[in-house]
Structures are given as structure tokens and as C-alpha cells.
Amino acid sequence: MKIKIKRTFIQGALLGLIWLVAGCSSVPITGRRQVTLMPESQMMSMSFTQYDQFLKENKLSSDKKNADLVQTVGARISAAVEQYMADHGLSSKLNGYAWEFKLVEDDTPNAWCMPGGKVVFYTGILPYTKDANGIAVVMGHEIAHAVARHGNERMSQQMITQFGSAVGNVMLSEKSEETKQIFNAVYGVGSQVLVALPYSRSHETEADRLGLIFMAMAGYDPSAAIAFWERMAASGGQKPPEFLSTHPSDQTRIKDLQSFLPEAMKYYKK
């Protein structure tokens with residue numbers, strides 16, 4: 001009976017692998033293959049709900065000048081993205097997008113873009129952006145995360161990791177509890193350090209590359225990214241080793257951005 005159950009589970013695992021292959025897509029511009037298992041419409045529905053809740057719980061900035069600047073930069077970059085996607089027959093990847101660009105009162109140096117184009121800047125990042133070009137660096141990067149469907153990919157990666165854990169525990173069903181505990185501990189650490197964190201860092205690097213191109217398409221100088229990240233690096237604070245971080249180190253990021261600049265400058269129209 002146990003053998004039959006294991007065989008059935010393995011057959012299910014194989015079907016799961018076929019499902020994963022069917023969920024493959026590619027990232028615009030970079031062409032990197034990715035697994036996105038969640039329907040994008042569902043991702044956007046969830047993000048719009050979370051976005052509305054966030055706005056109810058957080059105060060919009062009364063700084064009209066910078067709020068308008070965030071809106072203007074966002075509108076230009078999103079328009080450039082839409083034009084690029086249309087020119088390359090990829091407009092369907094933006095189906096359901098409803099762009100919004102908000103500035104909220106929060107001292108944290110942060111910004112984000114949800115699936116579907118909902119962008120929020122925190123006032124705490126403005127001392128680092130300095131001007132429209134600096135805002136474009138951050139805006140391009142955050143919009144790139146959404147356009148590349150990194151949120152869907154991360155959620156899919158978590159689903160795959162959970163699936164692998166379930167398979168392992170079934171295969172070890174006849175082993176001792178100690179063996180199962182060791183497996184789960186090693187699998188948990190391994191999937192985090194060897195899979196989840198590298199995935200996250202690769203997404204950041206990809207968003208940096210796409211972000212430079214998107215801001216350049218919109219008429220912002222992509223070389224401003226170097227100065228922005230130098231200011232961020234100089235802000236100090238304790239940071240974990242790169243292999244234990246969700247983001248590349250400041251030095252790695254700046255070096256990568258310098259290597260991406262020649263490509264981005266081809267799109268730059270003053």
C-alpha cells in the first residue's frame with residue numbers, strides 16, 4: 001500500500017513538472033526564461049486590493065511639488081514602456097494595468113511598484129533621488145519589477161519550494177523522525193541560501209538593467225543611476241553579507257550598473 005501511495009505521489013510530481021514547464025514565459029528585453037504559475041490577472045487583483053488598503057492606512061504627502069514630480073516621471077516612464085511593448089508586439093503583457101503614482105509620508109528610503117502598475121514613493125527616498133533624474137532611476141527600477149513579473153516569479157518559486165519539501169517528506173515517510181527533521185532543516189536553509197536569495201538578487205540586477213533602459217526611453221539620463229546608488233551606499237547602516245541578502249551589495253550593484261550603461265545610452269534621447 002505504501003509503495004502504491006509513493007508511486008501515485010511520484011506520478012503527481014511528474015505532472016507537477018509538466019505544469020511548471022507549461023508556466024514558462026520570458027522577460028521583455030533580457031529574454032530570460034522564467035516560471036510564472038499564477039495567472040497575472042489574479043496577481044493584479046490581489047495587488048490592487050493591497051494597494052487600496054495601503055492608501056487607507058498611510059498618509060499621502062502634502063509636498064505638492066515632489067508629488068507632482070513623482071507623477072510626471074511615472075507618467076513619462078510608463079508611456080515609454082507602453083510604447084516599447086507595442087512596438088515589439090508585447091502589449092498583452094500590460095493588459096489590466098492601471099498606472100498610479102503616489103508619494104506618501106514615510107521617512108523610510110523606499111519605493112515599490114505592485115503588479116498592475118501601482119507605484120508608491122516614500123518621502124524618505126527624496127533626499128537620495130535629489131531631482132527628476134534620480135526619481136527616474138528609482139521609478140524605472142520599480143516599474144521594471146512589475147513589467148518583468150518578478151512578484152509572480154517569486155510566488156511561483158515559493159510554491160515550487162513547498163512542493164519539493166512535500167515530495168521529500170513523502171519519500172522519507174518510512175525514515176526516523178530525526179532523519180525527517182534533519183532533511184527539513186537542511187532543505188529549508190538550502191532553499192533559502194541557494195535558491196530564494198540568489199533569485200531575489202538576480203531580480204534586482206535585472207530590474208536595474210531594465211530600469212536604466214526604461215528611464216532612457218523616457219528621456220532621463222541613465223548615468224544618474226551611478227550617483228544615486230553612491231548616495232545610497234554612503235548612507236551607511238549595517239548590511240548582511242551579499243550571499244545572505246535579498247539585494248546585491250552596493251559595490252556589486254554600482255559595478256553592474258556601469259556595465260549596463262552603454263546599452264541604456266542607446267535608448268537615451270535628450
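Reader: Let's start with α3: which of its residues are buried?

Author: Buried means under 20% relative accessible area, with exposed over 50% and partly exposed in between, using a 1.4 Å probe and protein chains only. In α3 the buried residues are Val70, Val73, Gly74, Ile77, Ser78, Ala80, Val81, Tyr84 and Met85. Keep in mind that this is a predicted model, where local features need pLDDT of at least 70, side-chain atom pairs count only at pLDDT 80 or more, and totals for chains, interfaces and linings use all residues. Residues are numbered from 1 along each chain as its sequence is written, and side-chain values use heavy atoms, with hydrogens and water left out.

Reader: How do I read the span of helix α3?

Author: Helices are DSSP runs of H or I with at least four residues, strands are runs of E with at least two, and both are numbered from the N terminus. The expected span of a helix is 1.5 Å times one less than its number of residues. Helix α3 covers residues 64-87, 24 residues, and its first and last C-alpha are 34 Å apart, close to the expected 34 Å. Just after α3 comes Gly89, with a positive phi of about 65°.

Reader: And the chain overall: how many helices and strands are there?

Author: There are 9 helices and 5 strands. Along the sequence they run α-β-β-α-α-β-β-β-α-α-α-α-α-α. The chain has 270 residues, and 43% of them count as buried. For contacts, think heavy atoms within 4.5 Å. Among contacts between residues at least 6 apart in sequence, 72% join residues at least 24 apart.

Reader: What about aromatic pairs, how many are there?

Author: Rings of Phe, Tyr and Trp (its six-membered ring) pair if their centres lie within 6.5 Å; planes under 30 degrees apart are stacked, over 60 edge-to-face, and the rest tilted. That rule gives 5 aromatic pairs. Take Phe54 and Trp112: their ring centres are 5.0 Å apart and the planes sit at 80°, so this pair is edge-to-face. Phe54 belongs to helix α2 (residues 40-57) and Trp112 to strand β4 (residues 111-114), so the pair ties together parts 58 residues apart in sequence.

Reader: Which way do the rings of Phe54 and Tyr122 pair, stacked or edge-to-face?

Author: Their centres are 6.3 Å apart and their planes at 5°, so that pair is stacked. This pair also links distant parts of the chain, with Phe54 in helix α2 and Tyr122 in strand β5 (residues 118-122), 68 residues apart. Ring pairs link Phe54, Trp112 and Tyr122 into a cluster. As for burial, Phe54 counts as buried at 15% relative accessibility, Trp112 at 16% and Tyr122 at 10%.

Reader: Where is Arg149, and is it buried or exposed?

Author: Arg149 sits in the loop between α5 and α6 (150-171). Its relative accessibility is 17%, so Arg149 counts as buried. Beyond neighbours within four places in sequence, Arg149 contacts Gln34, Thr36, Glu40, Ser92 and Lys93.

Reader: Last one: what lines the largest cavity?

Author: On a 1 Å grid over the protein atoms alone, a cavity is a set of points where a 1.4 Å probe fits but cannot get out, and lining residues have an atom within 4 Å of a point. Grid points are joined across faces, edges and corners, and a volume is the space filled by probe spheres set on the points. The count is 1 cavity of 30 Å³ or more, and the largest cavity holds about 50 Å³. Its lining is Val137, His141, Asp208, Gly211, Leu212, Met215, Ala225, Trp229 and Leu257. Helix α7 supplies the largest share of that lining, 4 residues.

Methods:
1 Å grid on protein atoms, 1.4 Å probe; cavity = no way out; pocket = protein on both sides within 12 Å on 5 of 7 lines; lining within 4 Å.
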